[in-house]
Amino acid sequence: MPKVTFPARFEFLDEIREFVAEIAREGGFNDKEVYSLQLAADEAATNIIEHAYEGVPDADFDVTCDVRGDTLTITMRDEGRPFNPANVKLPNLKADIYERKIGGLGLYLMRKLMDDVHYISNPKTGNLLTMTKRRV
Amino acid sequence: MEVTTQEFKHCDLITVKGRVDSSTAPAFNKALEKSNEKGCFKIAVDMSGLEYMSSAGFRALLASQRNCKRYNRGELVLVAVPVRIREALELAGFTELFKTFDDPIAAVGSF
């Protein structure tokens, strides 16, 4: 399974999206699905860089991407701050522009774009995110 | 990402091209803030050349819409939103927050 270690810096988001897109295209995913996968991977990586590794210099994290049958699986493993998705409040999509909260949108989009989003946080091995999406 | 600002009599037309993510969103945000800082609260954002926008870009748009709407008839509108980006904005529940136009002339003329 292709695994790449990326520095925890926003400048590498482009490469992460390209890594996922290439494997998705080879796996027969259409343009709309490829865009969704890129966006989900970007939001996940952004959360790791912004939150898990907040204030940590020279950190990195592992990304894998693999297609089996009609399902693409992305994993991201980091050793940053433990993450519990239950602590992230859902954005209120009905709120007007003044009440609209800015946080939580990344995780919300990931769940909408992917079929399954799963986090395991372990003090020894760090955070492991697994996301899957089936092609149409 | 490339961002340029054209000044019109009643509004600014900000054209953003390429990809807006957490790496490039700060520069996009700065262009939006600059218009507000010089007293312009009517902004049209031309997205026809935009390939990609993550929630970091959505946040910049939302923050700017807030700033614009504080002023009488101030508003940020979107122009020529590519289909993939429109779908993502819909998922995020952002489409109701922004008027959209098909071309920049119509958007500029609306102010």
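The largest nonpolar core in this predicted model has 71 residues. By nonpolar core I mean buried Ala, Val, Leu, Ile, Met, Phe, Trp, Tyr and Cys residues joined through C-beta atoms within 7 Å. Buried means 20 or more other C-beta atoms within 10 Å of the residue's own, with C-beta atoms placed from the backbone. Among the residues with the most contacts inside the core are Val20(A), Ala40(A) and Ala44(B). Helix H2 of chain A, residues 31-52, contributes the largest share, 11 residues; helices here are DSSP runs of H or I, at least four residues, and strands are runs of E, at least two, numbered from the N terminus.

A word on conventions. Residues are numbered from 1 along each chain as its sequence is written, and chains are lettered from A and ligands numbered from 1 in the order written. Local features need pLDDT of at least 70, side-chain atom pairs count only at pLDDT 80 or more, and totals for chains, interfaces and linings use all residues.

Back to Val20(A): leaving out residues up to four places away in sequence, Val20(A) touches Leu37(A), Gln38(A), Ala41(A), Cys65(A) and Ile74(A), where contact means C-beta atoms, placed from the backbone, within 7 Å.

Chain A as a whole has three helices and five strands, in the order β-α-α-β-β-α-β-β. Of its 136 residues, 36% count as buried.

Now the interface. Chain B and chain A each put 19 residues into the contact. On the chain B side, H2(B) gives the most, eight residues.

Finally, confidence: the model scores ipTM 0.95 and pTM 0.95.

Terms used. A residue is buried if 20 or more other C-beta atoms lie within 10 Å of its own, exposed if 12 or fewer, and partly exposed in between; C-beta atoms are placed from the backbone. Two residues are in contact if their C-beta atoms, placed from the backbone, lie within 7 Å.
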